[in-house]
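Please walk through this structure with me, from the chain as a whole down to single pairs of side chains.

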Amino acid sequence: MQFNYCEESGQTSLILHVKEYSYIFKVRRVVTGAKLDFSNLSDGKIYTYEINSINKKEANLTLIETKEVKKTLTCKLHVGWCVVDSKTIEKHIAMLSEMGVEKLTFVYAEFSQKNYKVDEKRLKRILINSCEQSGRTTLMQIEILQNVKEFLEIYPKSSIIDFSENFLSGNENIESFLVGPEGGFSQNERKLFQNRDIVGLRCVNILRSQTAVVGVCAKITM
């Protein structure tokens with residue numbers, strides 16, 4: 001773990017509830033005088049605190065150092081992902097965070113199952129854990145849109161990942177792209193793609209939605 005998340009990180013003193021931070025106080029069994037790094041995942045800084053006291057309910061910490069993160073751990077990439085099964089999203093979203101994706105927009109396409117609900121609170125917890133493990137100091141933004149048309153209106157320069165002989169090389173200056181759900185895009189949605197930048201993949205196999213999302217992100221960011 002690179003640091004611990006606390007929304008109040010940056011204040012001169014912190015009061016942490018032992019139950020809420022059980023990993024620190026019960027699993028790691030840190031003691032008074034120990035130094036711990038924290039991040040609020042919003043300002044890109046790491047704050048080092050010293051533990052002044054610990055009791056059964058709470059611990060008191062004092063800020064002793066603030067460190068600027070010199071190297072950015074995010075890129076400007078924006079991913080549009082048409083909604084698939086929530087379990088699939090939860091399993092793969094941390095990978096996008098680790099690769100530095102700045103923003104993830106979920107889109108309800110025509111072939112998205114409408115009973116699939118995006119649990120933003122649960123995804124935030126997954127992303128926080130991913131940041132603590134990977135060292136990323138800013139939380140990936142999450143957005144939900146109701147249809148493909150709305151996505152294209154808000155992000156008119158976004159590339160579309162679909163069947164095309166204009167294969168993705170990884171050298172393109174792509175800052176935003178959209179991947180369809182299981183079953184791909186509908187014919188009505190493809191009509192909206194006229195005069196849009198449509199990019200294909202060289203893989204001849206039919207990819208699952210999550211495979212395409214992770215694969216394209218890796219090709220662009222790594």
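This is a predicted model: local features need pLDDT of at least 70, side-chain atom pairs count only at pLDDT 80 or more; totals for chains, interfaces and linings use all residues.

The partner of Arg190 is Asp162, with which Arg190 forms a salt bridge whose closest N and O atoms are 2.8 Å apart. Because Arg190 belongs to helix H5 (residues 187-191) while Asp162 sits in the loop between strand S9 (159-161) and strand S10 (176-179), the pair ties together parts that are 28 residues apart in sequence. Asp162, at a relative accessible area of 15%, is buried, since buried means under 20%.

Lys67 is partly exposed at 31% relative accessibility, and Asp37 is partly exposed at 23%. In the other, the side chains of Glu143 and Lys103 meet with an N to O distance of 3.6 Å, which links strand S8 (residues 141-145), where Glu143 is found, to strand S7 (residues 103-107), where Lys103 is found, across 40 residues. Both Glu143 and Lys103 are buried.

Helix H2 (residues 86-98) packs against helix H6 (residues 209-221) at an angle of about 0 degrees, and their axes are 10 Å apart; the angle makes H2 roughly parallel to H6. On the H2 side the contact is made by Thr88, His92, Met95 and Leu96, and on the H6 side by Gln210, Val213, Val214 and Cys217.

Tyr23 is part of helix H1 (residues 22-27) and, with a relative accessible area of 41%, is partly exposed.

These details belong to a protein chain with six helices and 11 strands, whose C-alpha atoms fill a box of roughly 65 × 35 × 30 Å along the principal axes. Of its 222 residues, 44% count as buried, and the chain exposes about 12600 Å², of which carbon and sulfur atoms supply 47%. Among contacts with a separation of 6 or more, 71% are between residues 24 or more positions apart.

Definitions and conventions:
Residues are numbered from 1 along each chain as its sequence is written. Side-chain values use heavy atoms; hydrogens and water are left out. Helices (H or I, at least four residues) and strands (E, at least two) are DSSP runs, numbered from the N terminus. Buried means under 20% relative accessible area, exposed over 50%, partly exposed in between (1.4 Å probe, protein chains only). Axes are lines fitted to C-alpha atoms, for helices over the stretch in contact, and angles run from 0 to 180 degrees between N-to-C directions. Angles under 35 degrees count as roughly parallel, over 145 as roughly antiparallel, 65 to 115 as roughly perpendicular and the rest as oblique. Contact means heavy atoms within 4.5 Å. Accessible areas come from the Shrake-Rupley method with a 1.4 Å probe; for residues, only the protein chains shown count as cover. A salt bridge is a side-chain nitrogen of Lys or Arg within 4 Å of a carboxyl oxygen of Asp or Glu.
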